Number of protein chains: 2
Amino acid sequence: MNKLLLLPLAGTLALAAPARAQAPEKTDAAALAKIKDEGLNRSQVMETAFYLTDVCGPRLAGSEGLARANAYTKKQLTQFGLVNANIEPWGDFGRGWDIDKSYVALTKPYYHAMIGVPKAWTPGTPGALRKAVVYVNAKEEADLAKYQGQLRDKIVLLPVAAPLQPNFEPDAKRLSADELQKLADATAGGLPTAANRPADVPDAARLAARKAQLALRAKLNDLLITEGAAAVLSAGRGTDGTVFTTNGAPYAADAKPVLPELEMSGEDQLRLIRLVEAGIPVEVEMETRTHFQTQDLKGYNVVAEIPGTDKKLKSEVVMLGGHLDSWHAATGATDNAAGCAVMMEAVRILKATGLKPRRTIRIALWGEEEEGLYGSRNYVKNHFADPATMQLKPDHEKLAAYFNLDNGAGKIRGIYAQGNEAVKPIFTAWLAPFAELGATTVTLRNTGSTDHVAFDAVGLPGFQFIQDGLDYFARTHHSNQDTYDRLVADDLKQASVIVASFVYDAAMRDQKLPRKPLPAPTPPRVP
Amino acid sequence: MNKLLLLPLAGTLALAAPARAQAPEKTDAAALAKIKDEGLNRSQVMETAFYLTDVCGPRLAGSEGLARANAYTKKQLTQFGLVNANIEPWGDFGRGWDIDKSYVALTKPYYHAMIGVPKAWTPGTPGALRKAVVYVNAKEEADLAKYQGQLRDKIVLLPVAAPLQPNFEPDAKRLSADELQKLADATAGGLPTAANRPADVPDAARLAARKAQLALRAKLNDLLITEGAAAVLSAGRGTDGTVFTTNGAPYAADAKPVLPELEMSGEDQLRLIRLVEAGIPVEVEMETRTHFQTQDLKGYNVVAEIPGTDKKLKSEVVMLGGHLDSWHAATGATDNAAGCAVMMEAVRILKATGLKPRRTIRIALWGEEEEGLYGSRNYVKNHFADPATMQLKPDHEKLAAYFNLDNGAGKIRGIYAQGNEAVKPIFTAWLAPFAELGATTVTLRNTGSTDHVAFDAVGLPGFQFIQDGLDYFARTHHSNQDTYDRLVADDLKQASVIVASFVYDAAMRDQKLPRKPLPAPTPPRVP
């Protein structure tokens, strides 16, 4: 799940089409029983998740880990019995980047090994460094002047937003009955992912502040290069050894040079700052090695199919997917190996049960989601329509539905109908058999920040499920602790069964899912 | 706070002396107002805590950090106006040990920097190693045979007790009104530290299991040395980047050799185990450098005094203290820089207010608590009585009271009367002015695991305060996250004021505090 898009999707709050009178929605109890039996009693979702996380490793956009995951998923989907498995390029992305070594420690006034992670796409250090530290605490551009002449050959320490405190809130939570009821009662629109978004969703003032901060940081980067500083230590949120990571340079092949930079644990960074501010000499030892890959600048999605069996309907497609890429400090278990493992398990269940879907089912594991939904947006543009022109390709008409999973590793509690009034009763009927598994809620509310948005943006019926948050925002989302250990097998089994059932229902239905009116052409929403 | 002693102190559950009729306890409202004003409005407790933690660093028994802290506290107490400040040897302890470098990473099947901490008193590696990993999962001695011939030059992976799970409980908690009421209602005896001990206080069966585990580990150590393994990676409890640490070898000068060993983050260790168990080749890179200090094997306590002003009473002493040593992976902020900072602040407050205590007040900052309350036990033995003989030294009669703080960084909610019925109404009167600051509870219950036990064991009135647990057991107690950031200034200010007041009350009272009957001689309680 991409964090840059956690803002109101004002442009996509299309009015829903008026609800039409519909026949009661049919579901197939026998098929559902087979799906449940396979998915709950012979699940392979945790094994798939293990390969995606522990075995493939971190899966940063363009990285070797993502390439391993592309190869693994193509092979595994084929082994599950899917056909036409393909690692499909979506267009130009940028440089690959991987870490070869990362070490950082306090060496004066005493030794202390610290927790820090290289920011993505930053260069390594020229060998092992041991340098004095300078604290640069600039609030605005004018503050930078006073650091001139102070930075040569120094390790530069940047401020931490706020002191840390003991945490009186649990990391992990499930959606309460009240929260689900609020979602059920909601009308279309509203903030995305209302049930489990963090409190600090950026509003206009915060976005402006963020923009100013980025501009200041760009000026600082110039100063650091000009002055000849050695490296940068910065820190975002995160405590207890948990470090939330991001990139420290663009992935573009022609990106401006930056210094080696680590994202530090809050505790370590604050200790350094307190020591420096008390006038105590501080020395840090660090060694980072990273390497770039510039041979292949393309980005990829992995796709595979279960062919439809109905002569008339098999040219129509039900899609399901999640993004395969992750951030680099852990193995992206909840963001989003969980979603990929569930989607892969859903198609495995459908193959294993021997059910014969009328429409073709296509799984897509997206690349480069974290940088702006690039894999899905470009897939949609290549196959269905470009939102900038809204000129539709022939396959636009053929897509029955797209289902996405990317709100962490928690079980499914319902689905966002994304303002599509006509789809609400259909989803309500499809969800009814899963009340005993905790999934009950269809909300008209929009949610954003992940790949269904790419479909929604061109008027295709794309949906994200409502999931329990667990410790997604408190602990794992883009952090160095997003590992296999965060996955709860029962939650992923439940989600796999529900997704398999929804996909099967969509593949069997006489009509494709109803759509909202086509949106007007809009410029691409790349932040 | 020492964890080895978290077991019922059956030997010290002496029956309390029958309550005598007493005159209403006098307190001095004017003095109290001065103490509150100084401690709440001109507190230096956080600055003292900063020096103890960030500046002195980790303070493992016998380490350079503890030596720095001894020197700092002696100097600082003198600057506060205390006299007779002294770094007083208590007897023979063992080797000093410090870390000079610690680095560990997964290098195959991909690179991932891991979080691991050298176990205390383990040797370093011979330079940087990069080795294949073997998983040794022995449940009993017979299982060891199958690893013969498998371990040469390998990094040995030991099991993790249980898989990790998302955490639905908050790390930090305060004592509820209910919990305090239960403490207030308690009779003497009971489990120690009932209000805030972890759920896993060892019972007899667990102690037996632990003993068997230690015996198995000793056999394994022999095998590892014989077979020529390169190093060991083990893991205790702890998630999210938090690692709880302990020692991997004795501190005794003649300790048997062991291999280099790191205590790993649970997530990292489990990832290694899962990969190995799936048959995927795993390679780990590590470099640890540690050094031993064997010139001075003595242990020390830091003591300093505010001389009494009453001709008759100044030969009597009110003591207060906490242990200055810590574990090595962080800076021992909650265990127990917090307690030391509060005790130092309490004597600073008493000096700054210009109050004239009748009795002499002596602060003691204990060494080597974590290994078995060595500093306080030996101080008591050297100055007051040996519990093994119960032959009393002259100063045994002169001690009016000892107050200890070592249950984390949380504010004071009351005090353990340690089965001393006669002291309960006195403490109730002394505590009354602090109800508005949240401290209300006097319990007859015993608490153990820290230095007041050394006094109690020879019939001296030694007491530990009841404190809010905050995130002590969930997050900081002996972990790599026990840093300054965990300290809550308001809690430490409150505690400082209450301790200063109790110490002052004890120094002004006409009589020394009532005592329990002298215990029978007991063998030293060293686990």
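**Exercise 1.** In this predicted model, find which residues B:Phe427 touches, leaving out residues up to four places away in sequence.

*Solution.* 
- Step 1. Take B:Phe427 and set aside its sequence neighbours up to four places away.
- Step 2. List what remains: B:Phe403, B:Ile415, B:Val442, B:Phe463, B:Phe502 and B:Leu513.

**Exercise 2.** Decide whether the salt-bridge partners A:Asp37 and A:Arg42 are buried, partly exposed or exposed.

*Solution.* 
- Step 1. Check the pair. The closest N and O atoms are 2.7 Å apart.
- Step 2. Recall the cut-offs: buried is under 20%, exposed is over 50%, and partly exposed lies in between.
- Step 3. A:Asp37 has 32% relative accessibility, so it counts as partly exposed.
- Step 4. A:Arg42 has 42%, so it also counts as partly exposed.

**Exercise 3.** Work out where B:Arg475 and A:Asp240 lie, and why their pair joins two chains.

*Solution.* 
- Step 1. Confirm the salt bridge: the closest N and O atoms are 3.6 Å apart.
- Step 2. Locate each partner. B:Arg475 sits in helix H11 (residues 472-476) of chain B, and A:Asp240 in the loop between strands E7 (231-234) and E8 (261-264) of chain A, so the pair joins two chains.
- Step 3. Check burial. B:Arg475 is buried at 2% relative accessible area. A:Asp240 is buried, also at 2%.
- Step 4. Widen the view. Both residues belong to one network of salt bridges that share partners, which also includes A:Glu267, A:Asp471, B:Asp171 and B:Arg486.

**Exercise 4.** Find how many residues apart B:Arg358 and B:Asp310 are, and which loops hold them.

*Solution.* 
- Step 1. The two form a salt bridge, with the closest N and O atoms 3.3 Å apart.
- Step 2. B:Arg358 is in the loop between H7 and strand E12 (360-366) of chain B.
- Step 3. B:Asp310 is in the loop between strands E10 (298-306) and E11 (317-323) of chain B.
- Step 4. The partners are 48 residues apart, so the pair links distant parts of the chain.
- Step 5. B:Arg358 is partly exposed, at 22% relative accessible area.
- Step 6. For the overall tally, the structure holds 71 salt bridges over all chains.

Key
Residues numbered from 1 in each chain as written. Chains lettered and ligands numbered in written order. Predicted model: local features only at pLDDT ≥ 70, side-chain atom pairs only at ≥ 80, totals over all residues. Heavy atoms only, no water. Contact = heavy atoms within 4.5 Å. Salt bridge = Lys/Arg side-chain N within 4 Å of Asp/Glu carboxyl O. Buried < 20%, exposed > 50% of the residue type's maximum accessible area, 1.4 Å probe, protein only. Helix = DSSP H or I, 4+ residues; strand = E, 2+ residues; numbered from the N terminus.
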